[in-house]
Amino acid sequence: MTRPQLEQFEIHRVFPAAVLGHDVSFTNASLFMIVTLLGVWAFLAVGMRRATLVPGRWQASVEMFHEFIVGMVDENIGHGGRQYVPFIFSLFIFILFANIIGLLPFAFAVTSHIWVTFAFAAFIFLLCIVIGLARHGLKFFTLFVPPQTPIILLPLIVLIELISFLSRPLTLSVRLFANMTAGHILLQVFAGFIVSLGLAGGLFTLLGVLPLAMNVALYALELLVAVVQAYVFALLTCVYLNDSINLSH
Amino acid sequence: MDATAAKLIGAGIATFGMGLAALGVGIIFGLFLQGALRNPAAANSQRPNLLFGFAVTEALGIFSFLVALILLFVV
């Protein structure tokens, strides 16, 4: 039994660099983050070049993205949410493009590393706390007290709510990271089957079509997962921002 | 038993979590289809909720897969 090779997740230094003894080299992860940014920039800039009132196809797809995000923010945050549309839009489109670009052959999946997704999730968590405290002061902590709670259950409920609140950055980051990693490992395992069946010769080479078909189906599933995970990340960010801004429960 | 054997057994037991999460995902889609066949006009408006529910339920299955991976490769 061979262990699944995890070389596709390895970080390689493209341009080694060090500052005061700390490693700040430009790695393949940084390279693909820049590729993602260039993809996003190309999609948006070229689409909105010479924008017309009646949009062409590319402009219409850019506007669809914008309308989608504005609709999501309006539905979840409501009043006072419009100022967060650029943030949610950048978050959604970066994670979407990073997920999809990671699926291309020989590409590196940026979001398949816990540090990348945890950076996003930690920032969103701190943003929610800062926004909540700035808007509501110490009344922000009434977020942990659901209305109409019997006094006897109050300590237990507050503890449970607190733990659920503190687990938000963890679940947010792990959901994206584990989905991407699991998907890529699955694709690699079936690709390994194709190669090993093909090398076995004879009838086995013909049977190698089966893992190939499975891989094609898995690829379609991974595209779906990439899009859905980006959508869920942005949606949960809107929900958490709504909790902080409107103190709703 | 030595540590490697225990890790492998633990990773195998962690797959039960994925089976239970699969049940959860099936429940979500099944109930959505049930409602959609009774009220097709309202089905499209609930599609965002469907995808959201699917993603958070599948996340729990992926967490158990993560536990298996941690047992095999990290610990």
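**Notes on the chain A–chain B model**

1. The contact draws on eleven residues of chain A and eight residues of chain B, where two residues touch if their C-beta atoms, placed from the backbone, lie within 7 Å. On the chain A side, the elements giving two or more residues are α6 (168-200) and α8 (209-246), and α6(A) gives the most, with six residues. That side divides into seven nonpolar, three polar and one charged (nonpolar: Ala, Val, Leu, Ile, Met, Phe, Trp, Tyr, Cys and Pro; charged: Asp, Glu, Lys and Arg; polar: the others, Gly among them). Helices (H or I, at least four residues) and strands (E, at least two) are DSSP runs, numbered from the N terminus.

2. Keep in mind that this is a predicted model, in which local features need pLDDT of at least 70, side-chain atom pairs count only at pLDDT 80 or more, and totals for chains, interfaces and linings use all residues. Residues are numbered from 1 along each chain as its sequence is written, while chains are lettered from A and ligands numbered from 1 in the order in which they are written.

3. On confidence (pLDDT, per residue, from 0 to 100), chain A averages 89, and 98% of its residues score at least 70. Strand β2 (residues 18-19) of chain A is lowest at a mean of 82, and helix α3 (residues 85-101) of chain A highest at 95.

Notes: pLDDT = per-residue confidence, 0-100.
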